[in-house]
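Hi everyone, and thanks for coming. Today I'd like to walk you through one protein chain, from the overall picture down to a few single residues. Please have a look at the structure first.

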Amino acid sequence: MSTVRTDEPAPTVPAFPSRRWLLPSALVEELDPRPGHPGGRRPRRTVRDWVVDFTSFLLAVVIGLLTVDTLQNETNLSPGIEAADQLIGALACGAVWLRRRWPVGLAVAMVPVSFVSATAGGAALIALFTLAVHRPFRYVAWVGGVDLALQPLYFWLRPEPGLPYVAAVAFSWVLISAVAGWGMLARSKRRLMLSLRDRARRAETEARLRAEQAQRLAREAIAREMHDVLAHRLTLLSVHAGALEFRPDAPREEVARAAGVIRESAHEALQDLREIIGVLRAGESDDAGRPQPTLAALDTLVAESREAGMKVTLDQRVTDPSAVPASIGRTAYRIAQEGLTNARKHAPGTEVTVSVTGGPGEGLAVAVRNPRPEGDVPHVPGAGQGLIGLTERATLAGGTLEHGPAPDGGFEVRARLPWA
């Protein structure tokens with residue numbers, strides 16, 4: 001049983017499976033490329049190509065036959081030259097079938113051929129048209145320019161019976177220019193179709209990239225939320241578990257209280273984890289599930305930290321915390337939560353100060369400070385992702401966040417959030 005590689009692009013469905021025969025093979029190959037042309041082989045002709053090629057051949061033959069009648073009116077032509085003219089014209093008509101394979105070579109070869117053979121004029125015009133369709137303007141300019149320059153000399157050597165010299169030259173110039181312009185118009189239409197195809201593909205690619213970016217941003221937001229929530233819960237577990245480990249002879253009431261906090265924190269962490277996984281599965285927004293914490297829940301957060309044995313001082317100078325916009329309040333809550341979590345891990349035993357000030361029109365200022373811990377503190381590994389996530393949160397909310405060592409050797413996190 002064969003396996004399919006997931007890193008390979010899926011085969012594209014033909015854009016026009018039932019109408020390929022209506023388009024030129026070169027255009028079909030560019031619009032809907034298909035594998036299977038090894039060795040530089042050209043794509044197979046479509047039904048339209050066969051019809052156009054056969055019509056071009058018949059047109060070249062008809063123009064050649066009409067020119068044969070004019071050869072009989074030229075008195076200075078010998079029978080041998082007249083026969084050679086017709087033979088060259090027949091070969092030129094047969095060469096029309098090669099116009100798709102060698103458009104430049106055929107158009108260049110037809111310039112001297114049409115100069116010596118009047119019956120090859122139709123094949124020369126078709127070769128010029130093909131060159132204008134399949135090649136850029138510079139090729140048409142060179143070949144068409146040489147052809148236009150030779151027309152006065154041609155009609156001076158072989159005057160057109162019953163037509164003045166100036167009129168014959170002017171008519172040939174108009175005919176050559178019209179054929180070249182028609183071919184360039186057909187080429188421009190093909191280029192336009194290809195450009196629209198490329199634009200559509202770019203639009204699809206950009207839409208896919210935007211969707212992937214939106215998914216990545218959603219995952220990052222969920223990861224930040226998971227870090228902010230679970231880190232706080234797990235540090236509470238670590239603190240109480242450490243207390244039980246270092247004080248196995250503690251009174252039974254303290255052991256029971258610590259065990260209750262551990263159980264409650266584990267339950268809360270599990271509940272938060274279930275909600276985040278539910279968001280991932282259902283694709284719901286961040287506001288789904290339990291209500292998200294706001295600034296009004298800051299008192300509860302400080303109380304939980306105090307129950308865990310932390311010394312926390314809350315300086316909240318916001319008259320009505322419930323009036324703070326939900327997104328700003330949630331960001332302020334997460335900043336305070338992360339600051340308390342870091343202080344609990346890296347500066348245990350110190351007194352942490354959480355201050356929140358501000359009002360409508362002047363913004364909301366949040367600061368979490370802790371002094372330098374006394375004595376040696378066990379190293380707690382951390383990658384700093386929490387502070388990075390807080391900076392992103394504050395930026396998305398339209399504010400700023402700074403963090404770093406304080407003058408007294410402690411650590412401080414300061415944030416400024418807008419409050420319209």
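Let me start with a word we will need: two residues are in contact when they have heavy atoms within 4.5 Å. In this protein chain, among the contacts with a separation of 6 or more, 68% are between residues 24 or more positions apart.

Before going further, a note on where the numbers come from. This is a predicted model, in which local features need pLDDT of at least 70 and side-chain atom pairs count only at pLDDT 80 or more, while totals for chains, interfaces and linings use all residues. Residues are numbered from 1 along each chain as its sequence is written, and side-chain values use heavy atoms, with hydrogens and water left out.

Now the overview. The protein chain has 11 helices and five strands. Here helices (H or I, at least four residues) and strands (E, at least two) are DSSP runs, numbered from the N terminus. Of the 420 residues, 36% count as buried. Buried means under 20% relative accessible area, exposed means over 50%, and partly exposed is in between, with a 1.4 Å probe and protein chains only. The accessible surface of the chain comes to about 25100 Å², and carbon and sulfur atoms account for 61% of that surface. Those areas come from the Shrake-Rupley method with a 1.4 Å probe, and for residues only the protein chains shown count as cover.

Let's turn to the strands. Two strands pair if DSSP finds at least two bridges between them. Strand E2 (residues 351–359) pairs with E3 in the antiparallel sense, over seven bridges. Within that pair, Ser355 has Ala367 in E3 as its bridge partner. E2 and E3 make a hairpin with three residues between the strands, where Gly361 takes a positive phi near 90°.

Strand E3 (residues 363–370) also pairs with strand E5 (residues 411–417), again antiparallel and over seven bridges. There, Arg369 stands opposite Glu412 in E5. Is E3 itself largely enclosed or open? Seven of its eight residues are buried, so E3 is largely enclosed by the rest of the structure.

E5 has another partner: strand E4 (residues 400–405) runs antiparallel to E5, joined by six bridges. Leu401 stands opposite Ala415 in E5. E4 and E5 form a hairpin too, with five residues between them, and Gly409 in the turn has a positive phi of about 95°.

Next, empty space. Rolling a probe the size of a water molecule over the atoms shows where empty space is left. On a 1 Å grid over the protein atoms alone, a cavity is a set of points where a 1.4 Å probe fits but cannot get out; a pocket is an open set with protein on both sides within 12 Å along at least five of seven lines; and lining residues have an atom within 4 Å of a point. Grid points are joined across faces, edges and corners, and a volume is the space filled by probe spheres set on the points.

The largest pocket has a volume of about 720 Å³. It is lined by 29 residues, and those closest to its centre are Ala118, Gly121, Tyr154, Phe155 and Leu175. Which elements give two or more residues to this lining? They are helices H2 (47–72), H4 (103–116), H5 (121–134), H6 (137–157) and H7 (165–246). By class, the lining has 17 nonpolar, eight polar and four charged residues. Nonpolar covers Ala, Val, Leu, Ile, Met, Phe, Trp, Tyr, Cys and Pro; charged covers Asp, Glu, Lys and Arg; the others, Gly among them, are polar.

As for cavities, there is one of 30 Å³ or more. The largest cavity holds about 40 Å³ of space, and its lining includes Met110, Leu128 and Asp147. H4 gives the most to that lining, with three residues.

Ile63 is in helix H2 and is partly exposed, with a relative accessible area of 27%. Its C-alpha atom is separated by 7.4 Å from that of Gly121, 58 residues apart along the chain. Ile88 is in helix H3 (residues 79–95). Leaving aside neighbours within four places in sequence, Ile88 is in contact with Val113, Val116 and Ser117.
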